[in-house]
Amino acid sequence: MVHPGLYIDYIPGKGRGIFTRTGIPANTILEIAPVIVMTAGERVLVDQTILHDYIFEWTPDDADMCCMALGYIAVYNHSYTANCEYFMDYEKREIAIKTIRAITAGEELTINYNGDWDNGDEVWFDVQG
């Protein structure tokens, strides 16, 4: 399920991102996408590829597992002041994206890669510089 107003666009100097053609109210589910769950051993291999930049930690039982989200999920850019947040459903093997405030038409939709929308800890690519 993907909200009908979403689209992918290119941002100079940043790459692709998710945007909306319409205003969207706060607390709106934008997308629910299945994930491909990988074991700790598979993650070691994925971490050696460009896919490392697009995986999510998958931690119902094992902190070394990860998942690749399908749909638009992997294209949402990071922001320390994100306007959306994501939720894992470990039983259904899905990730959902929900707005945390009202979104205006044309606005980029962002998530905080740390998990909590307002978590200010540096993410891996800011630490590496």
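**Reading a predicted model, feature by feature**

Visitor: Where is asparagine 27 found, and what is its phi?

Guide: The general idea first: most residues other than glycine have a negative phi. Asparagine 27 has a positive phi of about 65°, although it is not a glycine. It is found in the loop between β2 (15-20) and β3. Asparagine 27 is exposed, with a relative accessible area of 55%.

Visitor: Now to the sheets. What is the strand order in the open sheet of five strands?

Guide: In general, strands of a sheet pair through backbone hydrogen bonds, either parallel or antiparallel. Here the order is β4-β5-β3-β8-β7, and the pairing is antiparallel. The edges are β4 (55-57) and β7 (84-89), each of which pairs on one side only. Direction ignored, neighbouring strands of this sheet are turned by 35° against each other on average.

Visitor: How many bridges join β3 to β8, and how many join β3 to β5?

Guide: Five bridges connect β3 (residues 29-38) with β8 (residues 94-99); one to look up is isoleucine 32, whose bridge partner in β8 is alanine 96. Four bridges connect β3 with β5, where valine 35 has alanine 69 as its partner in β5. Moving on to β4, three bridges join it to β5, again antiparallel, and glutamate 57 stands opposite cysteine 66 in β5.

Visitor: Which residues of β5 are buried on its two faces?

Guide: Both faces are covered: Cys66 and Met68 are buried on one side, Cys67 and Ala69 on the other.

Visitor: What is the order of the four strands in the open sheet with mixed pairing?

Guide: That order is β1-β2-β9-β6. Its edge strands are β1 (6-11) and β6 (77-78). β1 and β2 pair in the antiparallel sense over six bridges, and isoleucine 8 has isoleucine 18 of β2 as its bridge partner.

Visitor: Which residues of the largest nonpolar core touch the most other members?

Guide: Of its 22 residues, those are Leu30, Phe56, Tyr76, Ile95, Ile97 and Leu109. At least two core residues come from each of β3, β5 (66-69), β7, β8 and β9 (108-111). β3 gives the largest share, four residues. Apart from this core lies another, of five residues, among them Met38, Val46, Ile55 and Met68.

Visitor: What is tyrosine 76 in contact with, beyond its neighbours within four places in sequence?

Guide: Its contacts are Leu6, Ile18, Leu30, Glu31, Ile97, Leu109, Ile111 and Tyr113.

Visitor: Last topic, the aromatic rings. How many aromatic pairs are there?

Guide: A pair of aromatic rings is described by the distance of the centres and the angle of the planes. The count here is three aromatic pairs. One of them is tyrosine 7 with phenylalanine 19, a stacked pair at 5.8 Å centre to centre and 25° between the planes. Tyrosine 7 belongs to strand β1 and phenylalanine 19 to strand β2, twelve residues apart. Phenylalanine 19 is buried, at 12% relative accessibility.

Visitor: And what kind of pair do tryptophan 58 and tyrosine 90 form?

Guide: This pair is edge-to-face, with 4.7 Å centre to centre and 70° between the planes. Tryptophan 58 lies in the loop between β4 and β5, and tyrosine 90 in the loop between β7 and β8, so the pair ties together parts that are 32 residues apart in sequence. Tryptophan 58 is buried, with a relative accessible area of 2%, whereas tyrosine 90 is partly exposed at 32%.

Terms used: Residues are numbered from 1 along each chain as its sequence is written. This is a predicted model: local features need pLDDT of at least 70, side-chain atom pairs count only at pLDDT 80 or more; totals for chains, interfaces and linings use all residues. Side-chain values use heavy atoms; hydrogens and water are left out. Two strands pair if DSSP finds at least two bridges between them. Axes are lines fitted to C-alpha atoms, for helices over the stretch in contact, and angles run from 0 to 180 degrees between N-to-C directions. Buried means under 20% relative accessible area, exposed over 50%, partly exposed in between (1.4 Å probe, protein chains only). A nonpolar core is a set of buried Ala, Val, Leu, Ile, Met, Phe, Trp, Tyr and Cys residues joined through side-chain atoms within 4.5 Å. Contact means heavy atoms within 4.5 Å. Rings of Phe, Tyr and Trp (its six-membered ring) pair if their centres lie within 6.5 Å; planes under 30 degrees apart count as stacked, over 60 as edge-to-face and the rest as tilted.
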